Amino acid sequence: MTQRTDTPPTWDERAQLTTFLDYARDTARAKCEGVSEEGARMAPLPGSPLMTLCGLISHLRWVEYYWFQVMFLGEELEGPLAGATEDDPDPEMRTAVDIPLARLLAEYEEQSARYRRLVAERELDAKAKRPIGDGRYVDLRWVILHLIEETSRHNGHLDVVRELVDGRTGA
């Protein structure tokens with residue numbers, strides 16, 4: 001079972017931000033514990049064929065990639081997000097149906113560890129290499145806060161999908 005805590009080891013800003021991001025990540029993983037492979041691919045919400053546990057975990061993985069590697073570090077966009085179009089805005093969710101949940105979770109955890117190191121090595125005031133839509137350059141603090149919000153919002157989706165898939169609640 002995934003062990004989670006939202007209590008940081010120290011009370012400085014960095015520890016609080018990283019603890020809450022890890023708590024949200026751990027909650028996403030906990031929502032998937034014990035689900036069958038079939039259940040991980042079920043889309044129980046009418047009108048939302050991409051809203052699966054696999055699709056949501058893939059989305060969380062690629063959202064972090066986008067904000068840390070593309071926006072903050074300024075790397076070129078690669079992977080399924082590079083294929084996003086107006087007709088297919090979430091290819092990372094659609095293609096996830098062919099990937100085992102265990103692999104998606106392992107990739108998400110591996111990437112999370114890499115981003116923990118990135119955050120530990122940089123100042124929270126460090127500016128992103130690419131601007132957001134309005135032309136401003138956000139700082140690392142904003143990226144972390146945004147990812148806490150994004151992951152927490154999708155944890156609500158994971159909770160609903162999981163309950164509809166097999167009745168499990170909590171985590």
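**Exercises: a cavity and a helix pair**

The structure holds 2 cavities of 30 Å³ or more (a cavity is a set of points on a 1 Å grid over the protein atoms alone where a 1.4 Å probe fits but cannot get out; a volume is the space filled by probe spheres set on the points, which are joined across faces, edges and corners). This is a predicted model, where local features need pLDDT of at least 70 and side-chain atom pairs count only at pLDDT 80 or more, while totals for chains, interfaces and linings use all residues. Residues are numbered from 1 along each chain as its sequence is written, and side-chain values use heavy atoms, with hydrogens and water left out.

**Exercise 1.** Find out which residues line the largest cavity.

*Solution.* Start with the space: about 50 Å³ lies in the largest cavity. Next, pick out the lining residues, which have an atom within 4 Å of a point: Thr 18, Leu 21, Asp 22, Arg 25, Phe 68, Tyr 115, Arg 116, Val 119 and Ile 144. Helix H1 (13–32) and helix H5 (101–120) are the elements that give two or more residues to this lining (helices are DSSP runs of H or I, at least four residues, numbered from the N terminus). H1 gives the most, with 4 residues.

**Exercise 2.** Work out how helix H3 (residues 53–72) packs against H5.

*Solution.* First take the angle, about 25 degrees, and then the distance between the axes, 10 Å (axes are lines fitted to C-alpha atoms over the stretch in contact, meaning heavy atoms within 4.5 Å, and angles run from 0 to 180 degrees between N-to-C directions). That makes H3 roughly parallel to H5, a label for angles under 35 degrees. Finally, look at who meets whom: among them, Phe 68 in H3 is part of the contact, as are Tyr 115 and Val 119 in H5.

Technical notes. On a 1 Å grid over the protein atoms alone, a cavity is a set of points where a 1.4 Å probe fits but cannot get out, and a pocket is an open set with protein on both sides within 12 Å along at least five of seven lines; lining residues have an atom within 4 Å of a point. Angles under 35 degrees count as roughly parallel, over 145 as roughly antiparallel, 65 to 115 as roughly perpendicular and the rest as oblique.
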